[in-house]
Amino acid sequence: MLHSPTDLAHRRTRPLHWLATATALAAVIAGAGLLQPGRATGATPAPGPDAAPSATAPDAHAAAYPLDCKGTPHTVTDTAQGDLDGDGRPETVAAVRCDAGTGTPPHALYVLAQGPQEGSAPRVVATLLDAGRRRTVTDLTIGDGTVTARLLGYSSPSVPRYEPDVKQLATWRWAVGKFRQELTDSAAGRV
């Protein structure tokens with residue numbers, strides 16, 4: 001069947017048709033962006049509208065540490081979060097060392113609490129491990145109010161720095177207003 005030129009006139013696309021199509025498509029995409037689900041956090045949502053907002057653990061990268069790095073920056077190598085003192089607010093434990101560029105400087109282990117003012121920087125409230133002990137922290141965790149870390153070190157200056165031969169399991173628990181440490185030493189030998 002042949003069509004007359006007047007029948008085909010409505011089938012030609014004009015710039016106005018493309019503009020209307022593009023506008024409609026943009027509106028659909030923008031609407032879909034507004035209807036996205038909330039960000040996934042892995043946390044269980046609060047039960048009901050009257051529930052108190054959950055506290056967030058302090059950001060370890062926003063804290064100032066009492067670690068003397070002789071002009072080089074420090075680096076946070078590991079963190080763990082949990083309520084250590086039973087007040088319902090989570091603390092952060094941070095393994096921090098100087099960023100020397102080469103080698104593996106010893107770690108210090110700090111407990112951070114959120115500052116008292118809304119939006120204030122986290123503050124160091126306890127030092128669990130001083131860098132002067134010359135230990136490297138691995139496997140940092142918090143469970144049931146207890147901080148646990150594996151510590152690697154050296155039995156003597158003659159041990160090569162790339163082969164720590166002392167392995168310790170250290171735990172800290174808040175009791176009677178301070179952290180109490182339990183340390184399990186392993187015998188010197190290869191780790």
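D87 counts as partly exposed because its relative accessibility is 34%, where buried means under 20% relative accessible area, exposed over 50% and partly exposed in between, computed with a 1.4 Å probe on protein chains only. The side chain of D87 meets that of R89 in a salt bridge with an N to O distance of 2.9 Å, a salt bridge being a side-chain nitrogen of Lys or Arg within 4 Å of a carboxyl oxygen of Asp or Glu. R89 itself is exposed, with a relative accessible area of 54%.

The model is predicted, and for that reason local features need pLDDT of at least 70 and side-chain atom pairs count only at pLDDT 80 or more, while totals for chains, interfaces and linings use all residues. Residues are numbered from 1 along each chain as its sequence is written, and side-chain values use heavy atoms, with hydrogens and water left out.

A search of the whole structure finds three salt bridges. Another of them joins the side chains of D68 and K70, again described by an N to O distance, here 2.9 Å. D68 counts as exposed at 55% relative accessibility, and K70 counts as exposed at 70%. K70 lies in the loop between α2 (15-34) and β1 (74-82), where helices (H or I, at least four residues) and strands (E, at least two) are DSSP runs numbered from the N terminus.

R150 lies in strand β6 (residues 146-153) and D139 in strand β5 (residues 136-143), so the pair ties together parts that are 11 residues apart in sequence. R150 is partly exposed, with a relative accessible area of 32%. D139, although not a glycine, has a positive phi of about 55°.

From these charged pairs we can turn to the open spaces of the model. Rolling a probe the size of a water molecule over the atoms shows where empty space is left. On a 1 Å grid over the protein atoms alone, a pocket is an open set of points where a 1.4 Å probe fits, with protein on both sides within 12 Å along at least five of seven lines, and its lining residues have an atom within 4 Å of a point. The largest pocket has a volume of about 510 Å³, a volume being the space filled by probe spheres set on the points, which are joined across faces, edges and corners. Of the 21 residues that line the largest pocket, R89, P90, A113, Q114 and G115 lie nearest its centre, and R89 is also the partner of D87 in the salt bridge described above. Strands β3 (108-113) and β4 (123-129) each supply at least two residues of this lining, and the largest share, three residues, comes from β4. By residue class, the lining of the largest pocket divides into 10 nonpolar, five polar and six charged residues, with Ala, Val, Leu, Ile, Met, Phe, Trp, Tyr, Cys and Pro counted as nonpolar, Asp, Glu, Lys and Arg as charged, and the others, Gly among them, as polar.

The second largest pocket has a volume of about 250 Å³, and its lining divides into six nonpolar, three polar and three charged residues. Among the residues that line the second largest pocket are G103, R134, R135, Y154 and P164. R135 has a further contact, for its side chain makes a polar contact of 3.1 Å with the side chain of Q168, a polar contact being a pair of N or O atoms within 3.5 Å of which, within protein, one must be able to donate a hydrogen and the other to accept it, and residues adjacent in sequence count only if both atoms are side-chain atoms. Q168 has its place in strand β7 (residues 166-175) and is buried, with a relative accessible area of 5%.

For the fold as a whole, the protein chain has two helices and eight strands, and from the N terminus on its elements run α-α-β-β-β-β-β-β-β-β. Buried residues make up 27% of the 191 residues in the protein chain.
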